[in-house]
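Me: I'd like to learn how to read strands and charged pairs in a model like this one. Can you walk me through it?

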Amino acid sequence: MNAIRRDEDTDNIHSIFVDQWDWEKIINRGDRNPDTLKAVVRNVYRCLQNTEKYMAIQYDYIDEILPDDIYFVTTEELAEIFPDNTPKEREYYIAKAKGAVCIMKIGDRMENGKPHDGRAPDYDDWSLNADIVVYYPVLDIALELSSMGIRVDREALLSQLEKAGCPERAQLPYQRAVLNEELPFTIGGGIGQSRICMFFLRKAHIGEVQSSLWPDDVVKACAENGINLL
């Protein structure tokens with residue numbers, strides 16, 4: 001998927017140009033459960049680990065920083081661990097503590113009445129989705145590398161459209177197909193191409209691995225710090 005987001009606020013990890021690998025896998029109705037989600041997350045994470053091992057062999061300046069295992073946690077559990085912090089702060093603290101985390105159940109309102117983060121109501125099942133977030137020491141941040149989820153079925157779609165206050169979207173073609181059960185059950189997600197290139201090459205700015213447009217002050221500041229933007 002390649003897209004232009006004109007209104008994107010650019011910074012070290014955000015660009016107006018979005019490039020990612022989108023994938024979709026057909027599953028059975030019985031596979032719509034957390035175990036399936038976790039198994040897919042572990043497969044993706046294993047690929048990330050293997051890539052980092054390869055990069056560490058090819059380039060002397062790259063050390064392996066990904067932990068052996070990814071840590072699973074729900075948004076509600078995160079809120080209980082860090083009740084006085086914002087969602088982004090929670091992601092930072094847990095990523096720094098664990099190295100790599102899978103944050104599950106994104107989109108629905110938590111016990112505090114607020115969602116951890118936004119998620120389209122007709123995309124992932126809010127009870128069966130996840131983000132892979134790693135700690136990135138180059139920038140001292142929590143860096144999201146992949147987002148995925150088991151897609152909505154009829155029950156989840158109706159519930160989430162109602163919660164999001166847009167039940168009229170049930171009349172759109174794709175949504176109607178889901179409600180009529182004309183589509184297969186799937187799990188899918190996206191992996192940011194520039195994000196993982198930036199991570200594996202240990203770059204400080206996404207513009208070091210991706211050609212895009214940058215504000216003049218950003219170009220100047222990067223140049224002063226030895227960062228050459230493409």
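Reply: Start with what pairing means here: two strands pair if DSSP finds at least two bridges between them. Keep in mind that this is a predicted model. In E4, Val101 is the bridge partner of Tyr71, and E3 and E4 pair in the parallel sense over four bridges.

Me: What is the strand order in the sheet that these belong to?
Reply: The general idea is that strands of a sheet pair through backbone hydrogen bonds, either parallel or antiparallel. In this model, the open sheet has seven strands in the order E1-E2-E7-E6-E5-E4-E3, and its pairing is mixed.

Me: Which strands sit at the edges?
Reply: Those are strand E1 (2–4) and strand E3 (71–74), and each of them pairs on one side only. If you ignore direction, neighbouring strands of this sheet are turned by 25° against each other on average.

Me: How many bridges join E5 to E6?
Reply: Nine, and the two strands run antiparallel. To find your place, look for Tyr136, which stands opposite Ile141 in E6. The hairpin of E5 and E6 has four residues between the strands, and there Asp140 takes a positive phi near 55°.

Me: And which way do E6 and E7 run, parallel or antiparallel?
Reply: Antiparallel, with five bridges joining E6 to strand E7 (residues 185–192). A handy landmark is Ser146, which stands opposite Ile191 in E7.

Me: On to charges, then. How many salt bridges does the structure hold?
Reply: The idea first: side chains of opposite charge can pair when their charged atoms come close. The structure holds 14 salt bridges. Take the side chains of Arg151 and Glu24, which meet in one at 2.8 Å, N to O. This pair links distant parts of the chain: Arg151 is in strand E6 (residues 141–151) and Glu24 in strand E2 (residues 17–27), 127 residues apart.

Me: What else does Arg151 pair with?
Reply: Asp124 forms a salt bridge with Arg151, and their closest N and O atoms are 2.4 Å apart. Asp124 lies in strand E5 and Arg151 in strand E6, so this pair ties together parts that are 27 residues apart in sequence. Both Asp124 and Arg151 are buried. Salt bridges that share partners join Glu24, Arg119, Asp124, Asp131 and Arg151 into one network.

Me: Where do Arg169 and Asp122 lie, and what do they tie together?
Reply: Their side chains meet in a salt bridge, 2.8 Å from N to O. Arg169 lies in the loop between helix H4 (154–164) and helix H5 (173–179), and Asp122 in the loop between strand E4 (100–104) and strand E5 (124–136), so the pair ties together parts 47 residues apart in sequence. Arg169 is partly exposed, with a relative accessible area of 29%, whereas Asp122 counts as buried at 8%.

Definitions and conventions: Residues are numbered from 1 along each chain as its sequence is written. This is a predicted model: local features need pLDDT of at least 70, side-chain atom pairs count only at pLDDT 80 or more; totals for chains, interfaces and linings use all residues. Side-chain values use heavy atoms; hydrogens and water are left out. A salt bridge is a side-chain nitrogen of Lys or Arg within 4 Å of a carboxyl oxygen of Asp or Glu. Buried means under 20% relative accessible area, exposed over 50%, partly exposed in between (1.4 Å probe, protein chains only). Axes are lines fitted to C-alpha atoms, for helices over the stretch in contact, and angles run from 0 to 180 degrees between N-to-C directions.
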